[in-house]
Structures are given as structure tokens and as C-alpha cells.
Amino acid sequence: MAKEGTGEGKGYYISSIQLLPMEKERAQMNYEGFGIFAADDGQGPFHNMTQHVLGGMHVFKGDIEDSGFITCTLTTGDKFFMTYKGSGKMGKPTIVKGTFTYVGGTGKLSGIEGGGEFSRYSLQPFAEGKHASFSVSKSHWKLP
């Protein structure tokens, strides 16, 4: 594995949502999602990794503030961890744009640094309390 690199790719997710309605135009949506990531070039250490996401969106008058945590598992079994923050507007599709930061890892990914930017597109729910989305991202990383 290279000690440093960049990449672009797409993540595809299925999530369960818990909704806490508040006043007329305010709600909190917490979610747990599972997905896969595919590098655009079909190569690199993050190609075909799985992702486990815990996050929350606070929505007020259609404006979204989103944040959460992700555990990524490579095909080798090594893991790395990310935090993310984003914002957007409710819509069809709902689009959230933001940044992510690598905050640690295991095995060969221990000490990973870096991050990137993402755009996440939330699609029409396929069942009550469920959610489907995909993200497009660009990243950079460095290993000690």
C-alpha cells in the first residue's frame, strides 16, 4: 500500500432512520447506514471497502446540518475511521455537501491522516423508516 495518495469514488448506502419531529418546521433524523465504496479507477486501497455509518441530520425550514462517524473496512480487514460534517437543503433528491477527516485506523492504516470532500444524494425512501443514498467523493491520505 502506498504511503500517500489521492482518490475519487462513489459510495452506495442503505440506512434505517429514526425521526424526531419537533416544531412545525424542525426535525432531527438519526440514521445508521451500511454501504460499499468503489474507486472510480477500480483500483487503490479503498476500492471495494465496506462502510458502517452513524449520523444525524438536524433540519430546520428545509436547511440541513449533518454530521456523523464512519468505520471503513478494507478487503484486507484493516479499518480506518472518519468524522464528517455537511449541509444542504431538503429536496428531491436531497443533496448534502461537506468534508470528512480520517481520525485513525488499525493494522496498516494505523496513524492514517487526511480527508476530503463529498456530495451525498438521498433518494426516494423505498420503505417507511428506510433510506437509500449515494455519495461522490474526493480524498487524500497519508500514512506514517
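1. In which sense do S6 and strand S7 pair, and over how many bridges? In this predicted model, S6 and S7 (residues 113–122) run antiparallel, with eight bridges between them. Within that pairing, Gly98 faces Phe118 in S7.

2. S6 also pairs with strand S5. Strand S5 covers residues 79–89 and strand S6 covers residues 94–105; their pairing is antiparallel and has ten bridges. Opposite Lys97 in S6 stands Ser87.

3. On the core: 25 residues make up the largest nonpolar core. Phe46, Met49, Phe80, Met82, Tyr84, Tyr102 and Ile112 have the most contacts inside it. Two or more residues of this core come from each of S2, strand S3 (49–60), strand S4 (63–73), S5 and S6. As background, nonpolar side chains in soluble globular proteins tend to be buried together.

4. Met82 is one of the core residues with the most contacts there. Setting aside residues up to four places away in sequence, Met82 touches Gln51, Gly68, Phe69, Ile70, Cys72, Phe100, Thr101, Tyr102 and Val103.

5. Met22 sits in a loop, the one between strand S1 (4–21) and strand S2 (26–39). Its relative accessibility is 39%, so Met22 counts as partly exposed, given that buried means under 20% and exposed over 50%. Beyond its neighbours within four places in sequence, Met22 contacts Ala27, Gln28 and His58. The C-alpha atoms of Met22 and Phe60 are 9.5 Å apart, with the two residues 38 apart in sequence.

Conventions. Residues numbered from 1 in each chain as written. Predicted model: local features only at pLDDT ≥ 70, side-chain atom pairs only at ≥ 80, totals over all residues. Heavy atoms only, no water. Helix = DSSP H or I, 4+ residues; strand = E, 2+ residues; numbered from the N terminus. Buried < 20%, exposed > 50% of the residue type's maximum accessible area, 1.4 Å probe, protein only. Contact = heavy atoms within 4.5 Å. Pairing = 2+ DSSP bridges. Core = buried A, V, L, I, M, F, W, Y, C linked by side-chain atoms within 4.5 Å.
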